[in-house]
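Dear colleague,

Please find below the structure that I promised to pass on, followed by my notes on what was found in it.

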Amino acid sequence: EINSSYKLPGVDIFVCTADPTVEPPTLVINTVLSAMSLNHPTEKLSVYLSDDGGSQLTFYALLEASRFSKLWIPFCKKFNVEPRSPDAYFTHNFDLHEHTAEAQQRLFIKEQYEDMIKRIEAVTNKDSVPEELKNQHKGFSEWDSNVTKQNHQPIVQIIIDGRDTNAVDSDGCRLPTLVYMAREKRPDCLHHFKAGAMNALIRVSSEISNSAIILNLDCDMYANNADSIKEALCFFMDEERGHQIAFVQHPQKYNNITKNDLYGNSSPVLHKVELPGIGGYGSALYCGTGCFHRRTSLCGTKYSEEHKGLWNSETRKDDNRTVHELEEASKVLASCGFEKGTQWGKEMGLIYGCPVEDVVTGLAIQCRGWNSVYYNPDNTAFIGVAPPTLDIALVQFTRWSDGMFQIFLSKYCPFIYGHNKIKLGAQMGYCVYLLWAPFSLPLLYYAISLPFSLFQGIPLFPDIRSRWFIPFAYVFVSKNIYSLAEALIFGSTFKAWWNLQRMWVHRRTTSCFFAFIDCIVRKLGLSQTTFTLTAKVVTDDVSKMYQQEIMDFGSTSTLFTVISTLAMLNLFSLIGVVVKVFMGGLECKDMEKLVSQVVLCGLMVTVNGPVYEALFVRKDKGSMPGSVMFKSIVLASLACLIPL
């Protein structure tokens, strides 16, 4: 527990959004409201929303949330409500016949919340804020006809000033500071995606609240555990080792995981074994959300024993300045030109030039002498939204694989940059993930050569009667038994484990492979780094399909063409062997040499069961498009006809 002699440090919470279409304002404000209502002294809590879309729709939604927070925060703290996201909380099934004070208050708060959501959605659907609403706040004057997503001036609006004793909730208690920021965007200036937004937030927050601890959250990652700040501070304020810790990373968990984890998103073994294992070396990975940072370490400071001691040294720069003065000073820090000639994006803040800026930044911090902690409490701290379609899941994994491999090929390669700075075990742990992209090559080779050689009658493995067959069988069987046992021990079902095996086949033969190609092409200077937002909302049909654990293949994506082609190649090969056996074209002794390939090819066909169903059986919107089916059958047929 935290020593009572310490003064609690301030906490700045960063929430990042980039597009009101992909990330609806109603989703964003639920995360903001959950952050505002965390258990921490409100005078030491500040919440910042970075809107890289520069949208007045998001700004309007935040204004509405600021008003609703006057009801929501005291309700949460009075009745110890969890989760702290209104949307997540009100989806619970409550007893309608309950007549307690909490139930009556809950009903009132729910009505107010639903009214707010209706107002926000009405404005969002119109894609513009009515003039009568714009007149209610000076901030709307920042938007004119010249403001676009990629071309606008810096906008900083302090919606709630935590210093103001009149800024109180319905119970008369002080409200936390709430700030909206849209950093400057110009077509001729690099904006560095999320890393640039985070760095602008670091600077702007240092001007307004300058808290010692920073928590960053994705816009869909709401606070579930009301005491998550208190628990994180236990690490930072530990009298023996707290001064060594740069950040405390929580796992990414989701509220929409199906019973058997259709797309392999929950990864219990990853969160309970692999990432804690790396954290055991003091080198937990920074995963980009749900992470508490020490401000000084994030700003490029090297570790020193001098960091042991007072937390109250980082304070507001000048409490006498007006809101307008703070806003104007902050706009300078959020401008395009501020970073020119500085170390921002290099030695300070998040590092630029990589799609997974979080991982490389965490590595750089650790190489400056800091330790990090991976913390996975029973009461999950933050909960987000997992990709509900296969297409979204694979695109997201492509970006991760691409960014990871970029790190390995850059000066930040753990074996080079981390040499004599972090432990060898940590270096190897990092590379398990950094090498996702090239790991695609062995599996892709197997997925192609295995059915192709089987169709041609060419053995790849020893005869099953040979003693040399034993090592192959032992590795295959023991690896899968261990993997299954590990998954079952940590709460998965057999079907969830099987779904994960399928997803790894799909990921490595598509996402990882395309990431490998993209990364090599970029290294040759033939393309530039891009960033793809993960969609947070889908249609009702797609959502229903996901909840029923039916895979969605309703896209003409190249990824699906590769998946279906490999599935058809394995199916043709297996059918070809069966036909040869029944027609007597394959002798018994030849068949014995091909048993291993038949088994493996059969497993590939089994794991691709949903693909065949989408190709030939299903007629819904999630079935494979006709163009994809045609291309896959043609390509697989041509491969089978290639003579040796």
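Between domain 1 and domain 2, about 2400 Å² of area is buried, and carbon and sulfur atoms contribute 65% of it; buried area here is the accessible area, taken with a 1.4 Å probe, that two parts lose on being put together, summed over both. In domain 1, the residues that lose the most area to domain 2 are N260, L262 and Y263, which together make up 30% of what that side buries.

Before going further, please keep in mind that this is a predicted model, in which local features need pLDDT of at least 70 and side-chain atom pairs count only at pLDDT 80 or more, whereas totals for chains, interfaces and linings use all residues. Residues are numbered from 1 along each chain as its sequence is written, and side-chain values use heavy atoms, with hydrogens and water left out.

The domain assignment of the protein chain places domain 1 at 8-386 and domain 2 at 437-641, with bounds that come from an automatic or database domain assignment. The centres of the two domains, taken over C-alpha atoms, are 40 Å apart. To the contact, domain 1 brings 27 residues and domain 2 brings 25 residues, where contact means heavy atoms within 4.5 Å.

As for the polar side of this interface, nine residue pairs are in polar contact between domain 1 and domain 2, both residues being at pLDDT 80 or more (a polar contact is a pair of N or O atoms within 3.5 Å; within protein, one must be able to donate a hydrogen and the other to accept it, and residues adjacent in sequence count only if both atoms are side-chain atoms). On the side of domain 1 that touches domain 2, helix 8 (residues 268-279) supplies the largest share, four residues; helices (H or I, at least four residues) and strands (E, at least two) are DSSP runs, numbered from the N terminus.

By the salt-bridge rule, the count comes to 19. Because D12 lies in strand 1 (residues 11-17) and R295 in helix 9 (residues 295-298), the pair ties together parts that are 283 residues apart in sequence.

Turning to the annotations, the unreviewed UniProt entry lists K194 and D218 under "binding site"; they are spread over 25 residues of sequence, yet they cluster in space, with a largest C-alpha distance of 10.1 Å. K194 is placed in helix 6 (residues 193-208). UniProt positions are given in the numbering used here, feature names are shortened, and annotations may be inferred rather than shown by experiment.

Two backbone details may also interest you. The peptide bond from E82 to P83 is cis, with omega near -5°, and P83 sits in the loop between helix 2 (56-79) and helix 3 (86-90). N210, a residue other than glycine, has a positive phi near 55° and lies in the loop between helix 6 and strand 5 (213-218).

With best regards

Technical notes: A salt bridge is a side-chain nitrogen of Lys or Arg within 4 Å of a carboxyl oxygen of Asp or Glu.
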